[in-house]
Amino acid sequence: MTANDFRRIALSLEGAVEGSHMGAPDFRVGGRIFATLASQKQGYGNLMLTPEQQADFVRELPDVFLPVPGGWGRMGATHIRLVKANEDALAGALRAAWKIRIEKNTKTRSSKGKAKKRVPRPRL
């Protein structure tokens with residue numbers, strides 16, 4: 001797979017748009033990043049997964065997936081080795097990252113939409 005394949009598949013997901021983060025292509029849904037090509041010069045695409053999903057992808061295809069080094073990787077940021085990935089692996093991983101972002105966006109919107117109870121302040 002190539003960076004162009006990554007882009008094509010990411011943009012095929014409903015509501016996905018391409019943007020730029022610190023000069024690197026990123027892919028967003030609802031204004032939030034779910035994947036990037038920030039490491040494409042090293043042959044990677046990057047996916048924003050949960051730590052549990054990351055562990056599953058790495059366990060299933062260790063030659064294809066690896067955690068991003070450092071804190072981002074511990075939070076689920078995952079490299080996909082494009083040259084070793086096939087269409088199904090890439091599409092499945094991008095769909096997983098996209099779905100996480102959709103769910104987080106929905107959760108954020110619903111919590112923002114809830115009215116906070118106003119607690120009366122005592123008069124002095």
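User: Which residue is the bridge partner of Asn46 in S6?

Analyst: In S6, Asn46 has His79 as its bridge partner. The model is predicted, and its local features need pLDDT of at least 70, side-chain atom pairs pLDDT 80 or more, while totals for chains, interfaces and linings use all residues. Residues are numbered from 1 along each chain as its sequence is written, and side-chain values use heavy atoms, without hydrogens or water.

User: What makes S4 and strand S6 (residues 77-81) pair?

Analyst: S4 and S6 share five bridges in the antiparallel sense, and at least two DSSP bridges are required, so these strands pair. Strand S3 (residues 32-36) also pairs with S4 in the antiparallel sense, over two bridges, and Thr36 stands opposite Asn46 in S4.

User: Why is Trp98 called buried?

Analyst: Trp98 has a relative accessible area of 18%, and buried means under 20% (exposed is over 50%, partly exposed in between, with a 1.4 Å probe and protein chains only), so Trp98 is buried. Trp98 lies in helix H4 (residues 87-113), and, leaving aside residues up to four places away in sequence, Trp98 touches Leu13, Glu14, Val29 and Phe34, where contact means heavy atoms within 4.5 Å.

User: How do you know whether Met22 is buried or exposed?

Analyst: The relative accessible area of Met22 is 78%, which is over the 50% limit, so Met22 is exposed. Met22 lies in the loop between strand S1 (17-21) and strand S2 (24-29), and the phi of Met22 is near 55 degrees, a positive value in a residue other than glycine.

Technical notes: Helices (H or I, at least four residues) and strands (E, at least two) are DSSP runs, numbered from the N terminus.
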